[in-house]
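The following paragraphs walk through a protein structure, beginning with the contact between its chains and then turning to its aromatic rings.

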Amino acid sequence: MLRAYVLIALWQARPGLAGYDVADAVTFCFVTQAFIGPMQLFGGGLSLPERIRSGDVALDLVRPASLQLWTLAEDIGRAAYLFAVRGLPPMLLGAAVFGIVVPADPGRWAAFLAGFAIAVVVSFGWRYLIALSVCWLLDDRGVAVLSMVLTTFFSGLLVPLNLFPGWFGDLVTALPWAAMVQMPADLYLGKAPVPQTLAVQVFWAAVLLGAGALGTRAVRHKVVIQGG
Amino acid sequence: MVRTYFLLAWTWTRAAAAYPGSFVLMVALGFVAAALDVAVVLIIFANTTALAGFSREEVLLLYGAAGLSFSLCDTFVSNLDRVSQHIKSGTFDTFLIRPVGAWIQLTTDRFNATRVGRVLQAAIVLGYAIAALGIGWERGWMIPVMVATGVVIFAALWTLAAALQFVLTDAPEVTNAFTYGSNQLTQYPLAVYARDLVKGVTYVLPLAFVNWQPGLYVLGRDDPFGTPEAMRFLGPAAALVLALPAALAWRQGIRHYRSTGS
């Protein structure tokens, strides 16, 4: 909410900046706020690091189902729940206090929901990789902070990515984190070409899931079972 | 009391330093995580020259002053948060029978020296802003005063939050919204917020005295909300007015503490 005021002040100083007007900027703020819960943008959400540390992961690995898909299914269920309880309230609050843009066109809603769903998978793909790193590092606190720094800053959660100046701006929009927050938010605002945006998101989801699958295979050889 | 505090803090620091690699990494990451807020300020000012009438260096001065107070409190006082866990599990009993005040023991409970990374970051930003704005002693004397005022205000907030845990038992999230929220609030000039919100943080919860009111004096500016000049110097008084009820609330909390048991 405080962030909304800062963005309002910025757009009052520079109306029309980055192709948004003040209402768009406020909407961006509250829509992205709603992403925090479902996508666990501050990190965590997976029980995997804890299970690796406690050794319970050994049980997961002998189950006749893929560890990655198993975790993904768990995560999507959690995301759907959190979208309802953590995502909708801040949006309704924003709508009540500041008045946010609500797309009237059902096509835009469909594009947003598709983008949002893919973004949840991208976010899972990233957090799964972070979780797997615990197999090698044995402690997840360091990477957790690193992941939080990368995710909050490069996803557009702190400031919209289109405010980033010059080549740095081009770089951050090409990184996977942009597919988590900036892209679905732009789909909501109708500021992004739908097919290209969804394609980029699917690309990142596929890359991260692919890396996760490779990582899972490596873990089968590497995993250290803790406990006595 | 002070000696005991540092003795306890030093004990926890030595325990943490037993893993030097992790320790250094956490200090560095704390520094980077805190620097993100500055990066946001810089990105905003890459797009505009003034935010609510304040220049980049002026915003950084306000940010640095509040950040220094907050991170000092985050390092030395915020461990009070843990009181809710101790109340819930009943381990708070042991704090009460030791020959040191419970407040001192709790503020050093798992004292986390790695947070100095954040203190350092805020101090660098503040130093840069002072140098860039060319602030001399005739107004700059207010800066140490406002950092000290901020420390007292934030410490009082944390104590109030901890005292509330005696009633709420297990709701650190509720009180964290206040403590960490007030850090967010003070990072920017209050001129960007709505008038009613600013009134609230001036007259109800005196956050405006952490950096805004004294900061206006340092910058030699008038308040966009039109408060009188004398308000710039009320910081220490406001801090005391908040610290007294905080201390009373803490004592009341301890007096009404009931241990758990099966």
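In this predicted model, chain B and chain A bury about 1900 Å² between them, with 83% of it on carbon and sulfur atoms; buried area is the accessible area (1.4 Å probe) that two parts lose on being put together, summed over both. Leu36(B), Ile43(B) and Asn47(B) supply 30% of the area that chain B buries against chain A, more than any other three residues. Across this interface the rule finds zero salt bridges, a salt bridge being a side-chain nitrogen of Lys or Arg within 4 Å of a carboxyl oxygen of Asp or Glu.

Turning to the rings, the count comes to 32 aromatic pairs over all chains, where rings of Phe, Tyr and Trp (its six-membered ring) pair if their centres lie within 6.5 Å, and planes under 30 degrees apart count as stacked, over 60 as edge-to-face and the rest as tilted. One tilted pair is formed by Phe83(A) and Phe116(A), at 4.7 Å centre to centre and 45° between the planes. Because Phe83(A) lies in helix α5 (residues 67-97) of chain A and Phe116(A) in helix α6 (residues 106-137) of chain A, the pair ties together parts that are 33 residues apart in sequence; helices here are DSSP runs (H or I, at least four residues), numbered from the N terminus. Phe116(A) is buried, with a relative accessible area of 9%, buried meaning under 20% (1.4 Å probe, protein chains only).

Residues are numbered from 1 along each chain as its sequence is written, and chains are lettered from A in the order in which they are written. Local features need pLDDT of at least 70, side-chain atom pairs count only at pLDDT 80 or more, and totals for chains, interfaces and linings use all residues, while side-chain values use heavy atoms, with hydrogens and water left out.

Conventions:
Helices (H or I, at least four residues) and strands (E, at least two) are DSSP runs, numbered from the N terminus. Buried means under 20% relative accessible area, exposed over 50%, partly exposed in between (1.4 Å probe, protein chains only).
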